[in-house]
Amino acid sequence: MCLMDSRRDGCLIYMLLIREGLKIDWDECECDLYNVTKDEDGKVIEPDYIGGLRCCYDQTRCKVKHGFQGSKKGFYLKYTVKYVDWNASIVPVKIHILDIEYPVEACSVVGPSGGCTDTKKLSVPFPIGGDVIYGVAHQHTGGAGSTLHGEDGRVICSSHRIYGKGKEPGNESGYVVGMSTCYPKPGSIKIMKGETVTLVTNYSSARRHSGVMSLFYFLVAEASPKANYRRGTETVVLHNVVGDSAMFGMGLLVLAAVFY
């Protein structure tokens, strides 16, 4: 994940490297698998905090046997940056991110389909009004999709998980390798200023999951009488990040621009 940060020239890149054959508990940040007793801010981690981001923050490493010496490996990231010339057809938008981290306890009774689902909800008042032009969820193993609802219960965007079925990169069996996206026609899906939006997120509870991540990204173009909507290739240009707190989660506002 890459976020533009106004404090730095460039972006922050978050990576978690998982070796083939390791238990799924490693990428769910179970605390007993990481040799840490305090979180990134130096606060003591409570005994009932089983796992999550507080146990595998930047520079933390998996716990290994005493004296173990692993081989060194190099990892490289390749990406493409596209620039566009500014013109009247570019409409300013903001990226909003709802973020929930929570544990999922295993269900006591397995349903007839062979599993059961844990559902969490997050409701926040929306700071601006405008047209939704893009939406997508972000989940990890066990994710069963997320939906963003408006105050009246209407569906703003529903994003479904895609699981890998092979061994090749990008199609790893048992892992979430993608999420479906929403590209509503500009003007067809609106959010009013002050409207309470609700994120409903689902994870499988056939087994316990620690510190599951459920993010929802959506881009909103603020309503403007001078907006010149023109269908075309959507191109997003990120500029900076502004923090915005939300109950049981976090919202990040990112200035951006998009072609219509």
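Which cysteine forms a disulfide with C157? The partner is C182, with the two sulfur atoms 2.1 Å apart. The model is predicted. A search of the whole structure finds 3 disulfides.

## C157 and C182

This pair links distant parts of the chain. C157 sits in strand β7, residues 155–159. C182 sits in strand β10, residues 181–182.

## C31 and C55

Another disulfide joins C31 to C55, at an S to S distance of 1.8 Å. Here too, distant parts of the chain are linked: C31 and C55 are 24 residues apart. C31 lies in the loop between β2 (11–13) and β3 (90–104). C55 also lies in the loop between β2 and β3.

The S-S torsion for C31 and C55 is about 70°, so the bond is right-handed. C31 is buried, at a relative accessible area of 12%. C55 is buried as well, at 0%.

## C107 and C116

C107 and C116 are also joined by a disulfide, S to S 1.7 Å. The torsion about their S-S bond is about -55°, so this disulfide is left-handed.

Are these two cysteines buried or partly exposed? C107 has a relative accessible area of 23%, so C107 is partly exposed. C116 has a relative accessible area of 16%, so C116 is buried. The cut-off for buried is under 20%.

Definitions and conventions: Residues are numbered from 1 along each chain as its sequence is written. This is a predicted model: local features need pLDDT of at least 70, side-chain atom pairs count only at pLDDT 80 or more; totals for chains, interfaces and linings use all residues. Side-chain values use heavy atoms; hydrogens and water are left out. A disulfide is a pair of cysteine sulfur atoms within 2.5 Å. Helices (H or I, at least four residues) and strands (E, at least two) are DSSP runs, numbered from the N terminus. Buried means under 20% relative accessible area, exposed over 50%, partly exposed in between (1.4 Å probe, protein chains only).
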